[in-house]
Amino acid sequence: MIPYGRQSIDEEDIASVLKVLRSDLITQGPIPDLFEKEVSNLVNSNFAVVTNSATSSLLVSCLSLGLEKGDYLWTSPNSFVASANCALHCGAQIDFVDIDLDTGNISLEKLKEKLETAKKENKLPKIIIPVHFAGQPTDQEEIWKLSKEYDFKIIEDASHSLGAKHKGEKVGSCKWSDVTVFSFHPVKIITSCEGGMSTTNDKDIRDKMQLYRTHGITKDSSKFVNGTDPWHYEQHVLGHNFRLSDLHAALGLSQLIKLPKFVSKRNNIASRYNSELIRDNIQLPTIKKENYSSFHLYVIQMVHDDYKSERERIFKFLRKIKIGVNVHYIPIHLHPYYRKLGFKEGDFPNAEKFSNRSISLPIFYDLTDHEQEFVIKNICKSYDQ
Ligand SMILES: Cc1ncc(COP(=O)(O)O)c(C=O)c1O
């Protein structure tokens, strides 16, 4: 099977992990801090806090921004469930903003309309999580302006977009957000097996994220309330054990060196699909001129009148010949758990349409020219049948 995405691990990555395995500290050692510093330097943020997954990073980011019962959080329905679950874990209410059919990102127009209505109803969100679908940044500068007008915080879900740029700014710099979250799951741009990181420019948010990541415990004596003993530590909030081990961080650190070549190869693969898949019934990904995508995913959309059955036919054909295509995503609001909260079909029509007509094609660093040729040839063949 040629998967839609997979990790690329070399001997240097393996040697980095083995080095840690042979050292004294395999967790709570120095490597996670180093990984944070390197990511922070790379994306031009002041701070970074690493965790064991982007799911954990989203949650500690929400907790650190004070999300709680009675608050609203909005995100994109065209995402993995973690982008929304973080709100529910905090006891907040979740809602979604429909997407732009060309980019798969939340629609600025829909967001403006929804904010205007929410203002009248006194239901403005405390946090909005724009998701950089497939590696393409959202309209961050515009969303940032809206956050000042309507008073909400922004967590960019950049799980797909390490290495991407918006208006020349690196994703993660937090120029137009409070926090940015990355994922290091194996299908993502770089991997630490499991792993996530939040970047921010605000020291207070950084301190809180560190606290929530490690049980809510502080060892900073300047913050102690009731002790001064040299062995003293205190729990100040209800946190989690979301730490990343040194083994995982060593892999992430080693992978980070290869980020430029990983992203450039993904862009080359995308360019080839762009030039060789031009057909009437396929809509290729639209990348806005102000964006540089990291192409975590390459998603084509069937624009045939009967796109549902066309997608099913082509999907089945490609899977049968061992091309591991996939669908990103089943809209979050249509999962049974979310339907029980009151969401239903028709609530976010663009996200539903996007989901019903899209197929994610293989795109990853080790995809060979020959494999890509096989994918292209068979997509064309499936159309000619
Ligand atoms: C957009 C998005 N957000 C969050 C996550 C969660 O990432 P992780 O697997 O690192 O927890 C994913 C993972 O697929 C994702 O695609």
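His 215 counts as partly exposed, because 17 C-beta neighbours lie inside 10 Å; a residue is termed buried if 20 or more other C-beta atoms lie within 10 Å of its own, exposed if 12 or fewer, and partly exposed in between, with C-beta atoms placed from the backbone. The residue is found in the loop between helix H7 (203-213) and strand S11 (217-218). Helices (H or I, at least four residues) and strands (E, at least two) are DSSP runs, numbered from the N terminus. Phi of His 215 is near 65°, a positive value in a residue other than glycine. The model is predicted: local features need pLDDT of at least 70 and side-chain atom pairs count only at pLDDT 80 or more, while totals for chains, interfaces and linings use all residues. Residues are numbered from 1 along each chain as its sequence is written.

Two further backbone features were found in loops or at the end of a helix. Asp 151, which is not a glycine, has a positive phi of about 60° and sits in the loop between helix H6 (140-150) and S6. Asp 151 is exposed, with 11 other C-beta atoms within 10 Å. Gly 91, which follows H4, also has a positive phi, near 85°. A cis peptide bond, with omega about 5°, joins His 328 and Tyr 329; Tyr 329 is found in the loop between strand S16 (323-324) and helix H11 (336-340). Most residues other than glycine have a negative phi, and most peptide bonds are trans.

The protein contains 13 helices and 17 strands. For 385 residues, a compact globule would have a radius of gyration near 21 Å, and the value for the protein, 21 Å, agrees with this. The radius is taken over C-alpha atoms, and the globule rule is 2.2 Å times the number of residues to the power 0.38. The C-alpha trace spans about 75 × 60 × 40 Å along its principal axes. Of the 385 residues, 50% are buried. Among contacts between residues at least 6 apart in sequence, 74% join residues at least 24 apart, a contact being a pair whose C-beta atoms, placed from the backbone, lie within 7 Å.

Seven strands form an open sheet of mixed pairing, in the order S2-S10-S9-S6-S5-S3-S4. Its edge strands, S2 (47-51) and S4 (93-96), each pair on one side only. Neighbouring strands of this sheet are turned by 20° against each other on average, direction ignored. Strands are taken to pair if DSSP finds at least two bridges between them. S2 and S10 (residues 196-200) pair in the antiparallel sense over five bridges, and the bridge partner of Ala 48 in S10 is Thr 199.

Helix H3 (residues 54-64) lies across S2, S5 (127-129), S6 (153-157), S9 (179-183) and S10, and runs at about 35° to S10. Axes are lines fitted to C-alpha atoms, for helices over the stretch in contact, and angles run from 0 to 180 degrees between N-to-C directions.

A second open sheet is antiparallel and consists of three strands in the order S8-S7-S14. The edge strands are S8 (169-170) and S14 (291-292), each pairing on one side only. Two bridges join S7 (residues 165-166) to S8, and in S8 the bridge partner of His 166 is Glu 169.

Glu 113 is found in helix H5 (residues 108-120) and counts as partly exposed, with 13 C-beta neighbours inside 10 Å. Glu 113 and Ser 79 are 34 residues apart in sequence and 21 Å apart in space, C-alpha to C-alpha.

Conventions
Contact = placed C-beta atoms within 7 Å.
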